[in-house]
Amino acid sequence: LSVNSIVSDGKTWFLGIVRDITQRKKAEDKLQVHAKHRGAINKLSQIALPGDNVQELMDLAVHLLSRTLKAEYCKVLKYIPEEHAFLLQAGWGWKKGLVGKARVSDGMESQAGYTLRSNRPVVVKDLNREARFSNPKLLLDQGIISGMSVVIHAGAQIFGILSAHTKEMRVFSHEEVNFLQSMADILGSAIERK
């Protein structure tokens with residue numbers, strides 16, 4: 001709202017102009033989110049290129065994901081095909097003692113298994129109403145409602161799954177899914193080089 005006053009013949013008149021800036025604000029917000037995503041990707045890339053400590057890189061990735069996406073829980077699940085399971089290799093927000101020990105089935109009943117089999121990003125708005133797979137105990141025990149997951153490819157091999165989860169219902173945007181995939185791609189390249 002902008003207001004101007006005009007004095008004419010001793011009378012003061014006020015003219016108000018109202019502009020809808022909704023689209024401009026949305027565009028500004030989108031640019032800010034994109035800048036945060038790029039910043040996190042750049043930081044992880046800078047560490048990944050010269051670094052040889054893949055575990056440290058995975059730990060940084062889940063921390064950056066959590067902070068950038070405002071997701072309480074983020075994780076890297078390492079695929080162990082001979083055990084038909086994933087190992088919680090790196091995590092942010094998880095209860096003490098789970099990282100390095102917790103396992104998830106690689107079957108279609110888990111989000112990770114479903115992501116692995118579909119080989120594409122999987123987004124869950126409400127885990128309690130999910131029909132594609134059942135509610136994995138690891139997620140239920142944390143009170144997780146929403147999440148997204150992507151496959152981490154290390155060259156022609158599959159290393160595992162990268163995921164972000166929230167305790168509140170949330171609809172992850174296309175940009176957020178792309179950001180998660182970009183982080184997984186950086187991890188995959190570093191793992192392949194190592």
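Predicted model: local features only at pLDDT ≥ 70, side-chain atom pairs only at ≥ 80, totals over all residues.
The largest nonpolar core has 33 residues. Leu44, Leu65, Val76, Ile152, Leu162, Met183 and Leu187 are those with the most contacts inside this core. The elements giving two or more residues to it are helix H1 (22-48), H2, E3, E7, E8 and H5. A second, separate core has 20 residues, among them Val104, Leu116, Val122 and Ile161.

Now for the sheet. Six strands make up an open sheet, in the order E5-E4-E3-E8-E7-E6, with antiparallel pairing. At its edges lie strand E5 (103-105) and strand E6 (122-124), each of which pairs on one side only. On average, neighbouring strands of this sheet are turned by 25° against each other, direction ignored. Backbone hydrogen bonds are what pair the strands of a sheet, in either a parallel or an antiparallel way.

| Strand pair | Sense | Bridges | Residues facing each other |
|---|---|---|---|
| E3 and E4 | antiparallel | seven | valine 76 and alanine 90 |
| E3 and E8 | antiparallel | six | valine 76 and leucine 162 |
| E7 and E8 | antiparallel | nine | methionine 148 and alanine 164 |

Strand E8 is largely enclosed by the rest of the structure, because eight of its 10 residues are buried. In the hairpin of E7 and E8, two residues lie between the strands, and glycine 155 has a positive phi near 70°.

Which helices pack on the sheet? Helix H2 (residues 54-69) does, touching E3, E4, strand E7 (146-154) and strand E8 (157-166). The direction of H2 makes about 65° with that of E4. H5 packs on the sheet too, touching E3, E6, E7 and E8, and its direction makes about 30° with that of E7. Helix H5 (residues 174-193) has 20 residues and spans 29 Å from its first C-alpha to its last, close to the 28 Å expected at 1.5 Å a residue. The buried residues of H5 include Phe179, Leu180, Met183, Ile186 and Leu187, and of these Met183 and Leu187 are among the residues with the most contacts inside the largest core.

Beyond its neighbours within four places in sequence, glutamine 89 is in contact with Gln55, Met58, Val76, Lys78 and Val99.

Most residues other than glycine have a negative phi. Histidine 84, however, has a positive phi near 50°. Histidine 84 sits in the loop between E3 and E4 and is exposed, at 54% relative accessible area. Asparagine 119 has a positive phi as well, near 55°. Its place is in the loop between helix H3 (111-118) and E6, and at 44% relative accessibility asparagine 119 is partly exposed.

Methods
Residues numbered from 1 in each chain as written. Heavy atoms only, no water. Helix = DSSP H or I, 4+ residues; strand = E, 2+ residues; numbered from the N terminus. Expected span 1.5 Å × (residues − 1). Buried < 20%, exposed > 50% of the residue type's maximum accessible area, 1.4 Å probe, protein only. Pairing = 2+ DSSP bridges. Axes fitted to C-alpha atoms, helices over the stretch in contact; angles between N-to-C directions. Contact = heavy atoms within 4.5 Å. Core = buried A, V, L, I, M, F, W, Y, C linked by side-chain atoms within 4.5 Å.
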